[in-house]
Amino acid sequence: MKSDLSTSAAPLRGVGGALRSSEPVRVVPVPSAAVVLLEEAADLLVVHLDFPAALHTCERAWRSLASGALADQPTGTSSEVKCSLCVVGIQALAEMDRWQEVLSWVLQYYQVPEKLPPKVLELCVLLYSKMQEPGAMLEAANTWLQDPDNLGLPEYRTLAELHLHRVLLPLGYLSEAEKLVVGSAAFSEEQRLDALQAISTARQQQKHKHSDSEENQKLNQEGSFSNKFLSLLMLLRRLWDSTVSHFFALPFRKSLLAALILCLLVVRFDPASPSSLPILCKLAQIFHWIREAMFSSSYQLPIHD
């Protein structure tokens, strides 16, 4: 029985020994439901790798916070729990390949971007930058950096640099980047010079890329014109081959008659005249040569001195 009493009294012993009746009883605060759910969500995420359950537990914790579960806790404690819930939720969404939903999921609890905790905003910028979608964070990060309440935060400089290198420069927003660097007091002189040098390098690369694009476009236009011209030549050649084939497919007498009529219309000579006889003979001989050249590949025209 004595041992039972001593055992039951053990939890009442303080750091310095057994409590006396004159000492106040130190009451250890009971963790709220939100804190318990946060620990459960972290355990599901890290140990069990159950990402849907971890996300669902975070949402349950948020509903618990909305009902005033931490109303009796200091303001800092509530903010830390909310930030930790966001971190666990972001990691769970990323593991489920639902990273596109991260920003909207976070904003449903903070309503506006400028109220996001610095750690949450940093994770969002890094995530969307890694997934090659920095444009999704452009407006949210700009709004957060322009809010006067965030200017004095110790994380402001880090987030400004992150926004510069992970969002503005990859998107090619060089004027906005330069405005951020010059107009912000968060950058030291050395950091400002380094940032301006990075912006200058990005501007030169942008001009070079634009020049290459114009040159490629010009070459493509020239190539397109050349292709069209070659296509036109091929079409004309097909038409000419078709016309010649059709002409030589006619009987020889009809071809000769057509040539005579053409000569009558163009040259205007009289076939009944004695002076026209050599021309007619020569024309007939040419037609014979053409017919034999068309139907015999081994035929060669005679050469006359």
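**Helix packing and a pocket**

Helix 7 passes helix 8 in a left-handed crossing, a term used when the near helix is turned anticlockwise from the far one by less than a right angle. Helices here are DSSP runs of H or I with at least four residues, numbered from the N terminus. The model is predicted, so local features need pLDDT of at least 70 and side-chain atom pairs count only at pLDDT 80 or more, whereas totals for chains, interfaces and linings use all residues. Residues are numbered from 1 along each chain as its sequence is written, and side-chain values use heavy atoms, with hydrogens and water left out.

The axes of helix 7 and helix 8 come within 11 Å and cross at roughly 150°; axes are lines fitted to C-alpha atoms, for helices over the stretch in contact, and angles run from 0 to 180 degrees between N-to-C directions. Helix 7 is therefore roughly antiparallel to helix 8, the description for angles over 145 degrees, while those under 35 degrees count as roughly parallel. In this pair, the contact (heavy atoms within 4.5 Å) involves L138, A141, N142, W144 and L145 of helix 7, together with Y156, L159, A160, H163, V167, L168 and L171 of helix 8. These residues comprise 10 nonpolar, 2 polar and no charged. Ala, Val, Leu, Ile, Met, Phe, Trp, Tyr, Cys and Pro count as nonpolar, Asp, Glu, Lys and Arg as charged, and the others, Gly among them, as polar.

Helix 8 also meets helix 9: their axes come within 10 Å and cross at roughly 170°. Helix 8 is therefore roughly antiparallel to helix 9. A160, H163, L164, L168 and L169 of helix 8 touch L174, E176, A177, L180 and V181 of helix 9. This contact has 8 nonpolar, 1 polar and 1 charged residues.

Which helices each supply at least two residues of the lining of the largest pocket? They are helix 7 (138-146), helix 8 (156-171) and helix 9 (174-183), and helix 9 gives the most, with 4 residues. A pocket is an open set of points on a 1 Å grid over the protein atoms alone where a 1.4 Å probe fits, with protein on both sides within 12 Å along at least five of seven lines; lining residues have an atom within 4 Å of a point. The largest pocket has a volume of about 290 Å³, volume being the space filled by probe spheres set on the points, which are joined across faces, edges and corners. Among its 14 lining residues, L145, Q146, E176, K179 and L180 are the closest to its centre. The lining divides into 7 nonpolar, 5 polar and 2 charged residues.

Methods. Parallel < 35°, antiparallel > 145°, perpendicular 65-115°, else oblique.
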